[in-house]
Amino acid sequence: MRWARCVAERLTISDVATYPRPGMDAPGMIGFTPDSSAVTWLHAGDGGLVRSLWRIEIETYDRSVIAGPGADAPMSREEELLRERTRTRELGVSSYSWARESEVPVLMIPGPTVRVSVDGEALRELPGSEGALTPTLSPDGSHLSFVRGGELFVQAVEGQSEPKQLTSGAEDGLSHGLPDYIAQEEFGQLRGHWWSKDGRIAYLRVDERHVAPYPIVHQGGNDVDVETHRYPFAGDENAHVSLWVVELESGDTQELPLPDEDGYLVRVAWWPDGDGGQRLLAQWVDREQRRLQLIAFDGDSARVLIDEFQEPWINVADDARGLKDGSFLWSSETTGFRHLSVRDINGSEICRLTEGEWIVDGVIGIDEGSGWVYFTSTRGSPLERRVERVSLSGGEIETLSEPGGLHGASLSRDGKWLAMTSSSLNSPPEISLVATGGASKRTLFESDATTETLGLAAPELRTFSAADGTTLYGALYRPEGKGPHPMLVAVYGGPHAQTVLDAWGLTVDLRAQYLAQQGYLVLKLDNRGMAGRGLEFEAHLHRQMGTIEVDDQAAAVQQLADEGLIDVERVGVYGWSYGGYMTVMSMLRRPDLFKVGVSGAPVSDWDGYDTGYTERYMGTPQNNAEGYREGSLLTQANKLRGQLLLIHGGVDENVHFRHTARLITALTAADRDYDLLMFPEERHMPRDQAGLEYQERRVARYFDRHLK
């Protein structure tokens, strides 16, 4: 076991900088073969980051490697950026897919050249697919579509035919078949083309030629390298996205009508039409992100099936599913909590499946044959995730997972099996094969990591109170001794994230554990505005980012001080991205509490972040000038009193280094001291092992120098 040496030893800086975390090397991208005879997943057998594609037979539990790992294959700039969008650290086989409705199994593995396997044959490279982006199998497995050079191509899987180009006219800032940056980063839409069963492909045309190129200069290498990104800043014009359909046989293309106003095309799918065919549907959100429309297309006409208006914003989900009779599963937060319903082919509600002051966290799948919808929920506690199911006709909800902890699952296509992943503060992730129709259960993967073998103690979960009486959940990493201790707040604070959960990942936060071993009491707190508690809990930060979140973090610190656990004169704070922003904002708004901060990749002013994220929560700079001013680090830089270390990657394409550069300019103008740690060739998620170790060493020394 690679982490066994931690027993009876303190963690080292090298431990803190190493990924995956102990016990977090569980398989990912878990699924089933099309015939439901085997489980498939991506896993690094040596516990590292280089993964292979595995197959586990359900009948015999025999295991075999289908493909991998191929970690040394060259990676294009486009592939590198896609990994940033998905926050992927793993190497080797990064993804795979099966044709959904082929007569024989057809497997596809992306790469520098796409590899395919038909009916169990050995994987072979598909000539002509070199450099393919977002390759996608047709439902019957006969063809592959992909994007190259901004154009959409299709190629037969069998034979030696060359790829056929389906679109034309691409140029810098104009592409076909790929989503724009905002769709990828802020709405989780990583695809830009979708197959129907009858030989049609819906695709996006993205025109961002009017969006000014943002240059990012690589200055840490020997060669001059400048990359440009079309990055729409808050309040500016977005990419122009249109939806098209192309007929494969004829090559005819048709543009489909979308609402004649600014907005975002956030989901596209082909669903059954109830007569054996398919219809194309899309989810569209207006620019203010308070209105969502589900639009069905028939030829060149469009009909709105669902038109939802939600204050203060719409959260886009991945729960909608089409059913064979033309009806569909829908999820909505109109009650303040996300819940499921079944709608008829025209969008009218047939029945509600879930309700209550808890949320459906995501749909796992639907077994139409048995009439079950499988999903994850917070029905037990916001700190947990259950695997549950409910009948498509409504009724009692059945819980399938064990009490407590974090549970998720994949559903086999025949509806008979769940591959269930479970973890808790005291148990690393394990994967079990669970029969949906009975009590059969078998462990497929388990880690030999334990808190005892690692020499770690799980953090203590406890509650705090916000100023308005709202219960807040926190996690404490306690040092030895009675205290009062110097304290560090490990903060994120932003929307669409939840950091305090009954999950192993919290236990193996090795920076927090390391700092606790060095004598600090470390706190993680999910303030108002964060996820997992429903829309009302999130909505507290609407149009006022950087205010209510700081108030809640400060309230928890004060409560710990009142309990005598911490030395209120020795409090530090650290975080990355939104947490980096929160680090600096906490020091500016509450200099009496937060004396030392380490801020990674902070947003210094929301006018420099993207449209999709920023405007959802803050509106535009034009209609919320006061909120932007009060939420800016730049306008309050003169309030800095403590010691601040800024960390940023020089080629961060998400939170540009410009944010830290502008903050440095403001701090200089205000005559305020700061320290800077820059990594010229890192993006938003640092990856280099040597750099990570150097960073962790600098962070630990910084707190020791100023808080001990």
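## Salt bridges

The structure holds 35 salt bridges. A salt bridge is a side-chain nitrogen of Lys or Arg within 4 Å of a carboxyl oxygen of Asp or Glu. This is a predicted model, where local features need pLDDT of at least 70, side-chain atom pairs count only at pLDDT 80 or more, and totals for chains, interfaces and linings use all residues. Residues are numbered from 1 along each chain as its sequence is written, and side-chain values use heavy atoms, leaving out hydrogens and water.

E121, R124 and E158 are linked in a network of salt bridges.

## Three pairs

E57 pairs with R55, their closest N and O atoms 2.5 Å apart. E57 is partly exposed at 23% relative accessible area. Here buried means under 20%, exposed over 50%, and partly exposed in between (1.4 Å probe, protein chains only).

R478 and E460 form a salt bridge with closest N and O atoms 2.7 Å apart. R478 lies in the loop between β38 (471-477) and β39 (485-490) and E460 in strand β37 (residues 460-465), so the pair ties together parts 18 residues apart in sequence. Strands (E, at least two residues) and helices (H or I, at least four) are DSSP runs, numbered from the N terminus.

D552 forms a salt bridge with R528; the closest N and O atoms are 2.7 Å apart. D552 sits in helix α8 (residues 548-562), and R528 in the loop between β40 (521-526) and α7 (535-538), 24 residues apart. Both D552 and R528 are buried.
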